[in-house]
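Morning, everyone. I'll keep this short and go through one structure with you.

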Amino acid sequence: MHVSEIMTRDVHLVSPNETITEVARHMAENDIGFLPVGDHDRLVGMITDRDIVVRGVADGLDLQSKVGDIMTTDVKYCFEDEEVDDVARNMGDVQVRRLPVVNRDKRLVGIVSLADAAREQPAIAGTGLKGVTAPGGTHNQAGRSG
(Lines give C-alpha, C1' and ligand atoms only; values in the text may rest on other atoms or scores of the structure.)
Protein backbone atom coordinates (compact mmCIF):
# COMPACT_ATOMS: atom_id res chain seq x y z
CA MET A 1 0.00 0.00 0.00
CA HIS A 2 1.32 3.45 -0.94
CA VAL A 3 1.51 6.41 1.43
CA SER A 4 -0.83 8.32 -0.90
CA GLU A 5 -3.63 5.92 0.05
CA ILE A 6 -3.53 6.76 3.78
CA MET A 7 -2.13 10.31 4.05
CA THR A 8 -4.07 13.42 4.96
CA ARG A 9 -4.37 15.62 1.89
CA ASP A 10 -5.80 18.73 3.57
CA VAL A 11 -2.44 20.25 4.47
CA HIS A 12 -2.16 23.50 6.36
CA LEU A 13 1.09 25.30 5.58
CA VAL A 14 2.53 28.21 7.57
CA SER A 15 5.22 30.75 6.80
CA PRO A 16 8.44 31.09 8.80
CA ASN A 17 7.48 34.78 9.16
CA GLU A 18 4.22 34.08 10.99
CA THR A 19 4.27 34.69 14.72
CA ILE A 20 4.17 32.00 17.35
CA THR A 21 0.80 33.39 18.47
CA GLU A 22 -0.68 33.20 14.96
CA VAL A 23 0.46 29.62 14.48
CA ALA A 24 -0.66 28.53 17.96
CA ARG A 25 -4.09 30.02 17.29
CA HIS A 26 -4.24 28.24 13.92
CA MET A 27 -3.32 24.95 15.60
CA ALA A 28 -6.00 25.43 18.28
CA GLU A 29 -8.73 26.36 15.79
CA ASN A 30 -7.99 23.38 13.55
CA ASP A 31 -6.99 20.81 16.20
CA ILE A 32 -3.54 20.43 14.65
CA GLY A 33 -0.31 19.72 16.53
CA PHE A 34 2.09 19.68 13.58
CA LEU A 35 2.44 22.06 10.65
CA PRO A 36 4.87 22.15 7.76
CA VAL A 37 6.59 25.50 7.25
CA GLY A 38 7.00 26.76 3.70
CA ASP A 39 8.81 29.65 2.12
CA HIS A 40 7.18 30.26 -1.25
CA ASP A 41 7.07 26.77 -2.80
CA ARG A 42 9.84 25.24 -0.67
CA LEU A 43 9.42 23.21 2.52
CA VAL A 44 11.84 24.79 5.01
CA GLY A 45 10.80 23.38 8.37
CA MET A 46 8.22 21.91 10.67
CA ILE A 47 6.59 23.34 13.77
CA THR A 48 4.81 21.41 16.51
CA ASP A 49 2.80 22.48 19.50
CA ARG A 50 5.64 21.07 21.58
CA ASP A 51 8.16 23.29 19.73
CA ILE A 52 6.08 26.31 20.69
CA VAL A 53 6.13 25.31 24.36
CA VAL A 54 9.69 24.00 24.69
CA ARG A 55 11.55 26.28 22.30
CA GLY A 56 9.34 29.33 22.58
CA VAL A 57 7.57 29.71 25.90
CA ALA A 58 10.12 27.83 28.04
CA ASP A 59 12.96 29.85 26.51
CA GLY A 60 11.11 33.09 27.28
CA LEU A 61 10.58 34.18 23.68
CA ASP A 62 8.06 36.88 23.00
CA LEU A 63 4.88 35.43 21.52
CA GLN A 64 5.35 37.76 18.57
CA SER A 65 8.59 35.91 17.72
CA LYS A 66 8.63 34.27 14.34
CA VAL A 67 8.03 30.59 13.65
CA GLY A 68 11.39 30.55 11.88
CA ASP A 69 13.04 31.15 15.26
CA ILE A 70 11.75 27.91 16.80
CA MET A 71 10.88 25.54 13.95
CA THR A 72 12.74 22.32 13.26
CA THR A 73 14.86 22.96 10.20
CA ASP A 74 16.00 19.40 9.55
CA VAL A 75 13.06 18.49 7.32
CA LYS A 76 12.33 14.78 7.01
CA TYR A 77 9.78 13.75 4.40
CA CYS A 78 8.62 10.80 2.35
CA PHE A 79 7.30 10.34 -1.16
CA GLU A 80 3.65 9.64 -1.87
CA ASP A 81 4.50 6.50 -3.88
CA GLU A 82 6.56 4.86 -1.11
CA GLU A 83 5.22 1.78 0.66
CA VAL A 84 3.56 2.42 4.04
CA ASP A 85 5.55 -0.28 5.81
CA ASP A 86 8.87 1.19 4.63
CA VAL A 87 7.86 4.70 5.69
CA ALA A 88 6.57 3.54 9.10
CA ARG A 89 9.85 1.73 9.80
CA ASN A 90 11.79 4.81 8.72
CA MET A 91 9.68 6.99 11.01
CA GLY A 92 10.72 4.74 13.89
CA ASP A 93 14.36 4.91 12.85
CA VAL A 94 14.39 8.72 12.73
CA GLN A 95 11.99 8.98 15.67
CA VAL A 96 9.17 11.06 14.21
CA ARG A 97 5.42 10.49 14.44
CA ARG A 98 4.45 12.53 11.37
CA LEU A 99 6.05 13.32 8.03
CA PRO A 100 5.29 15.70 5.21
CA VAL A 101 4.55 13.80 2.00
CA VAL A 102 5.86 15.11 -1.32
CA ASN A 103 5.45 14.02 -4.92
CA ARG A 104 8.46 13.22 -7.08
CA ASP A 105 8.68 16.93 -8.03
CA LYS A 106 9.13 17.53 -4.26
CA ARG A 107 5.85 19.44 -3.97
CA LEU A 108 3.98 19.02 -0.69
CA VAL A 109 0.89 16.84 -1.21
CA GLY A 110 0.02 15.60 2.28
CA ILE A 111 0.97 14.55 5.78
CA VAL A 112 1.29 10.97 7.01
CA SER A 113 1.35 9.87 10.63
CA LEU A 114 1.98 6.65 12.49
CA ALA A 115 -1.72 6.79 13.42
CA ASP A 116 -2.59 6.71 9.70
CA ALA A 117 -0.37 3.66 9.29
CA ALA A 118 -1.84 2.00 12.40
CA ARG A 119 -5.33 2.14 10.92
CA GLU A 120 -4.15 0.18 7.89
CA GLN A 121 -1.21 -1.89 9.12
CA PRO A 122 -1.14 -2.06 12.95
CA ALA A 123 1.92 -4.32 13.23
CA ILE A 124 4.07 -2.07 11.06
CA ALA A 125 2.93 1.05 12.89
CA GLY A 126 3.81 -0.63 16.17
CA THR A 127 7.34 -1.15 14.92
CA GLY A 128 7.57 2.54 14.01
CA LEU A 129 6.10 3.63 17.34
CA LYS A 130 8.59 1.50 19.25
CA GLY A 131 11.41 3.45 17.59
CA VAL A 132 9.73 6.81 18.16
CA THR A 133 9.34 6.22 21.88
CA ALA A 134 13.04 5.50 22.43
CA PRO A 135 14.90 8.42 24.09
CA GLY A 136 16.61 11.01 21.84
CA GLY A 137 16.10 11.28 18.10
CA THR A 138 15.73 13.92 15.43
CA HIS A 139 13.18 16.02 17.27
CA ASN A 140 14.84 15.86 20.65
CA GLN A 141 14.27 19.33 22.10
CA ALA A 142 17.95 19.73 22.95
CA GLY A 143 18.61 21.09 19.46
CA ARG A 144 16.70 22.57 16.55
CA SER A 145 17.87 20.01 14.01
CA GLY A 146 18.62 17.03 16.20
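Start with a cut-off: a residue counts as exposed when its relative accessible area is over 50%, and as buried when that value is under 20%. Arg 104 has 53% relative accessibility, so Arg 104 counts as exposed. Keep in mind that this is a predicted model.

Now, the partner of that arginine. Arg 104 forms a salt bridge with Asp 81. Their closest N and O atoms are 2.9 Å apart. Asp 81 has a relative accessible area of 37%, so Asp 81 is partly exposed.

How many salt bridges does a search of the whole structure find? Six. Let me take two more of them.

One joins Lys 76 to Asp 74, with the closest N and O atoms 3.3 Å apart. Lys 76 counts as partly exposed, at 24% relative accessibility. Asp 74 also counts as partly exposed, at 25%.

Another is in helix α3. Asp 86 forms a salt bridge with Arg 89, and here the closest N and O atoms are 3.9 Å apart. Remember that the cut-off for a salt bridge is 4 Å. Why about one helical turn between them? Because Asp 86 and Arg 89 are three residues apart in α3. Asp 86 is partly exposed at 43% relative accessibility. Arg 89 is partly exposed at 37%. Asp 85 comes in as well: salt bridges with shared partners join Asp 85, Asp 86 and Arg 89 into one network.

Strand β4 covers residues 98-102, and strand β5 covers residues 108-113. They run antiparallel, and five bridges join them. The hairpin has five residues between the strands. Among those, Lys 106 takes a positive phi near 60°.

Look at Ser 113, in strand β5. Ser 113 is the bridge partner of Arg 98. Is Ser 113 buried or exposed? Buried, because its relative accessibility is 13%. Leaving out residues up to four places away in sequence, Ser 113 touches Met 91, Arg 97 and Arg 98.

Next, the helices α1 and α2. In α1, the buried residues are Ile 20, Val 23 and Met 27. They cover an arc of only 70° around the axis, so they lie on the same side of α1. Against what do they pack? Against β1 (34-39), β2 and α2. The face turned away from that buried side carries the exposed residues Ala 28 and Glu 29. Just after α1, Asp 31 takes a positive phi of about 55°.

Helix α2 runs over residues 49-57, and its buried residues are Asp 51, Ile 52, Arg 55 and Gly 56. Their arc around the axis is only 110°, which puts them on the same side of α2. What covers them includes α1 (20-30) and β2 (42-48). Notice that two of those buried names are Asp 51 and Arg 55.

To recap the helices: the buried residues of α1 pack against α2, among other elements, and α1 is included in what covers the buried residues of α2.

Terms used. Residues are numbered from 1 along each chain as its sequence is written. This is a predicted model: local features need pLDDT of at least 70, side-chain atom pairs count only at pLDDT 80 or more; totals for chains, interfaces and linings use all residues. Side-chain values use heavy atoms; hydrogens and water are left out. Buried means under 20% relative accessible area, exposed over 50%, partly exposed in between (1.4 Å probe, protein chains only). Helices (H or I, at least four residues) and strands (E, at least two) are DSSP runs, numbered from the N terminus. The arc is that of the directions from the helix axis to the C-beta atoms. Contact means heavy atoms within 4.5 Å. Two strands pair if DSSP finds at least two bridges between them. A salt bridge is a side-chain nitrogen of Lys or Arg within 4 Å of a carboxyl oxygen of Asp or Glu.
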